[in-house]
Amino acid sequence: MDPSQISEQTWRDLILAHINLDFQFLALKILLSRLRLKVKLDPSPESLGDSIAELKNLFLRFQNLPAAQRDLQKILETQRSFQ
């Protein structure tokens, strides 16, 4: 599973809470909550861009973990349903 298959818009929608999924990977749940709060407090393009990069980095670092793979698959399936 490759995180680069996810579009910038999908990453943005995840952080802006336009997409809400039930994730299993605890680190993802924690990071996403923190990033959503960060962007809510500072909605600048720089803050959103940094948050997207941080979220992508999490998947790149832990892409071999089964829970991360399942959650990435959920994101990909959601992305396909919006296309």
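Aspartate 13 has its place in helix α1, where helices (H or I, at least four residues) are DSSP runs numbered from the N terminus. Aspartate 13 is buried and yet has no salt bridge, since the nearest side chain of opposite charge, that of arginine 12, is 6.4 Å away. Buried here means under 20% relative accessible area, while exposed means over 50% and partly exposed lies in between (1.4 Å probe, protein chains only). A salt bridge is a side-chain nitrogen of Lys or Arg within 4 Å of a carboxyl oxygen of Asp or Glu, and for charge Lys and Arg count as positive and Asp and Glu as negative, with His and the chain ends not counted. When neighbours within four places in sequence are left aside, aspartate 13 is in contact (heavy atoms within 4.5 Å) with His18 and Ile19.

The model is a predicted one, in which local features need pLDDT of at least 70 and side-chain atom pairs count only at pLDDT 80 or more, whereas totals for chains, interfaces and linings use all residues. Residues are numbered from 1 along each chain as its sequence is written, and side-chain values use heavy atoms, with hydrogens and water left out.

Helix α1 covers residues 8-15, and its buried residues are Thr10, Trp11, Asp13, Leu14 and Ile15. These buried residues of α1 pack against α2 (26-41), α3 (45-62) and α4 (66-82). After α1 comes alanine 17, which has a positive phi, near 65°.

The largest nonpolar core has 22 residues, and those with the most contacts inside it are Trp11, Leu14, Ile15, Leu28 and Leu55. To this core α1, α2, α3 and α4 each supply at least two residues. A nonpolar core is a set of buried Ala, Val, Leu, Ile, Met, Phe, Trp, Tyr and Cys residues joined through side-chain atoms within 4.5 Å. Leucine 55, with its neighbours within four places in sequence left aside, is in contact with Trp11, Leu14, Ile15, Leu28, Leu31, Leu32 and Leu35.

Helices α1 and α3 pack at an angle of about 100°, with their axes 10 Å apart, and that makes α1 roughly perpendicular to α3. On the α1 side the residues are Glu8, Trp11, Arg12, Leu14 and Ile15, which meet Leu48, Ser51, Ile52, Leu55, Lys56 and Phe59 in α3.

The axes of α2 and α3 come within 10 Å and cross at roughly 175°, which makes α2 roughly antiparallel to α3. From α2 the contact is made by residues including Leu28, Leu31, Arg34 and Leu35, and from α3 by residues including Ser47, Asp50, Glu54 and Leu55. Axes are lines fitted to C-alpha atoms, for helices over the stretch in contact, and angles run from 0 to 180 degrees between N-to-C directions. Angles under 35 degrees count as roughly parallel, over 145 as roughly antiparallel, 65 to 115 as roughly perpendicular and the rest as oblique.

Two residues of α3 can be looked at individually. Serine 47 lies in helix α3 and counts as buried at 4% relative accessibility; leaving aside its neighbours within four places in sequence, serine 47 is in contact with Lys38, Val39 and Asp42. Aspartate 50 also has its place in α3 but counts as partly exposed at 48% relative accessibility, and its C-alpha atom is separated by 9.6 Å from that of valine 39, 11 residues apart along the chain.

**Salt bridges**

| Pair | N to O distance |
|---|---|
| Lysine 56 and glutamate 8 | 2.3 Å |
| Arginine 34 and glutamate 54 | 2.1 Å |
| Aspartate 71 and lysine 74 | 3.9 Å |

Lysine 56 lies in helix α3 and glutamate 8 in helix α1, so their pair ties together parts that are 48 residues apart in sequence. Lysine 56 is partly exposed, with a relative accessible area of 26%, and glutamate 8 is likewise partly exposed, at 39%. Arginine 34 lies in helix α2 and glutamate 54 in helix α3, so this pair joins parts that are 20 residues apart in sequence; arginine 34 is partly exposed, with a relative accessible area of 43%, and glutamate 54 counts as partly exposed at 29%.

Aspartate 71 and lysine 74 both lie in helix α4, 3 residues apart, which is about one turn of the helix. Aspartate 71 counts as buried at 0% relative accessibility, whereas lysine 74 is partly exposed, with a relative accessible area of 24%.
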